[in-house]
Structure formats: C-alpha cells, structure tokens
Amino acid sequence: MTTHNPDNERIKRRYFAYLKEAKRHSEPTVDAVAKALARFEVDTRHRDFKVFHFEQAIAFKKHLAEQRGQRSGEKLSKATLNATLAHVKRFFHWLAGQPGYKSRLQYSDADYFNLSDKDVRVATAKREQTGPTLDQMKHVIALMPADSEIQRRDRALIAFTLLTGARDSAIASMKLKHVNLAAGCVEQDAREVQTKFSKTFTTFFFPFGDEIHRIVAEWVAFLREEMLWGNDDPLFPATRIALGPTRQFEAVGLERTHWSSAARIRTIFREAFASAGLPYFNPHSFRNTLVRLGQTVCQTPEDFKAWSQNLGHEKVLTTFLSYGGVETRRQGEIIRGLVASRKHTQSRFDDLVRAVAREMRETEPGNADD
C-alpha cells in the first residue's frame, strides 16, 4: 500500500516553508496543516495532487464527517471538520498558482472543500466560557498535600496560575528570574517565556489574599535557599525519573530542567481537581474566572484596562470578546435584578404621580384653606 507520493512531499515542503517564512506561522500551526493534508492524502491513497478532481474534495468531506476521534471515540466535531478543511482549501488555492500545477488546477477547485453554511455556523458558534469559582480554586489548593518536593511544586503551580492567570505554555518556560516577589509581579519576557504571539508584558499578582501569595513565595524561597538554584533555573522544574528501591522507574524528585511541553501541567490540574471531588478545569479556564472577577471589582474604564493588560491583552475589546461573556447563570441574575429594579422604580413613580394628583386636588379653588 502506498504510504507517500514523492512529488506531493516536495510540494508540501515548499508550502510549509512558505507558511513559516512568508506567512510567519508558528510550528504548531504548520504541524496542524501537515496533519490536515496527511488526512486528505490517506483518503485519496496518496494520489498525485496534479490529478486532483473536485469529486475528491466532496468524498473527503463525507469521509471526514464519518471519522471518529482516537481518544473520545466520538465523531469529529464541526469545529475540527471546519479547521481541517480550511487548511486543505488554502493549500489547494496556493497550489493552483504554482509552476507545474497552474495548467491542471483552478483556483475555484479549492472552494469544494467548503462546509455548508449551516455547518460553518455550528463550527464557529461562540460557546460559553466556563471556569471554576474562586471558592473551588481555593478549595483545590487547600486540599493539596505539600510533603514532598513534587507535591510542593504541584501546589505552588496551581496557586501561581491563580495568582497570575499565565498560560500553561508560559508557565512551563518561566525561570526564577522572571518572578519579582518584592514588586509582586512576573515579567513575561517573550525572549525566554513562551507567551502567545511572542508578546512581552508584566503581570502583577491578582488580589487573592495572603495565603495564595505565601504558597508561591515559599516555593520560590525553597528553590533559591534550599535547592540553591539560580536565576536561569526553571520556576517549575520537570520531575526526575530514576530507579527506585523496587528497581522500577519512578518519580524521585525534581530535575533541573524545564518541562518539554505544558502537557504535564494539565495532568497536575486534572489530578488535583479529581482529588478534590470537582470536575476538571484546565489551566486556561482560570483566565475566564479572572475576567469574571474583573467585571465585578473594576469600577472605572481605567481599572478594567489595567486588569486586561495584566492578562496580556493589548486591547480591552479582546478581553470582552474572548473571555468577557456573561455566563448564563449570572445573565439570569442580572435580568431578574433589572426586572425587580424596574418594578421598584415603577412603584416609586406611581407613588409620585398619586402624590402630585392629591396635591392638585387639594389646591383646587374652593378646596384651599382660608
């Protein structure tokens, strides 16, 4: 069975270089494109792109809609279908302008990868952004043990995420020097920290009381004073695996290196919430909680602008559009409150009208006092 097509591989390499160097896309984005094209090639049995026919696109859409995710076992979501097909569509649109393909492909051929308008609306619909409550987050942290080095790291990790709202990829790459306890802030320097869009900004600790701050401060002090680590060592180091007493590989302490990815951070969150008897909330969901808190504590536009900048957003509109939706429960509370307020206002207005009418009757000719 054919596993690849040499001509396809060569033109794909050119396209990936174009995305990375000309369009300035990141490695994860290019990887997602490569995965989408691989799915298409498997469906066409690696047929040469030069012999593309629009019926291949129609068949691919049908087969893709029937596929199931390897982990969930469920059919691929509309969002996944839309993203996969969009990657393949853009590739064929680019391909139609390349030497050797111009005479064989039309730009309009790429349009056959479009989903229906209905499916696109489903795929791109805004969903409610959920996150744990402050009480839930503090409850999880309070229940986490802190006897071993690894346990202390895991507890400080979740406390730090609450204190800063930093993304998991940024946390995984942070060094000790990026934390300034005296100033109560974290310098997210894009030269060393994997921030979104490689932005550099300062995050001041969000106001969550002394306990959360103390956990993070004690962790930093432990690394500096007991472990004798320096500025360039990781803030949250990877786990060191070695042969244990049972002659089996097990976690034995901390490695003086960064995690290679943020996957382990998400695992720590999953295990912590499960141990507390709560549903899993990923690290990113903490940002939703922080935005909801900002909507209640910020009193002026300047307040919310500072809160937004603290999350790394250059524009307040980003905070509102991406995280600032009012959750359904709170939406109901606000509407019911407005109705109650309106009834109260109407009642006061009716009382005023009656008082004015009574005053007018009493001051009519013949009713006035002598």
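This is a predicted model: local features need pLDDT of at least 70, side-chain atom pairs count only at pLDDT 80 or more; totals for chains, interfaces and linings use all residues.

Me: What share of the contacts joins residues 24 or more positions apart?

Reply: Among contacts with a separation of 6 or more, 59% are between residues 24 or more positions apart.

Me: How should I read a nonpolar core, and which residues of the largest one touch the most other members?

Reply: In soluble globular proteins, nonpolar side chains tend to be buried together. Here the largest nonpolar core holds 53 residues, and F160, L235 and F236 touch the most other members. Several helices supply at least two residues each, including α6 (134-143), α9 (209-226) and α12 (301-310). Helix α7 gives the most, with eight residues.

Me: Which residues does F160 contact, leaving aside its neighbours within four places in sequence?

Reply: F160 is in contact with G165, I171, M174, V179, V186, V216, L235 and F236. A second, separate core has 27 residues, among them V33, F49, L76 and Y101.

Me: Is N310 buried or exposed?

Reply: The cut-off for a buried residue is a relative accessible area under 20%. N310 has a value of 9%, so N310 is buried. This residue lies in helix α12. Not counting residues up to four places away in sequence, N310 touches T164, F201, T202, T203, F204 and F206.

Terms used. Residues are numbered from 1 along each chain as its sequence is written. Side-chain values use heavy atoms; hydrogens and water are left out. Contact means heavy atoms within 4.5 Å. A nonpolar core is a set of buried Ala, Val, Leu, Ile, Met, Phe, Trp, Tyr and Cys residues joined through side-chain atoms within 4.5 Å. Buried means under 20% relative accessible area, exposed over 50%, partly exposed in between (1.4 Å probe, protein chains only). Helices (H or I, at least four residues) and strands (E, at least two) are DSSP runs, numbered from the N terminus.
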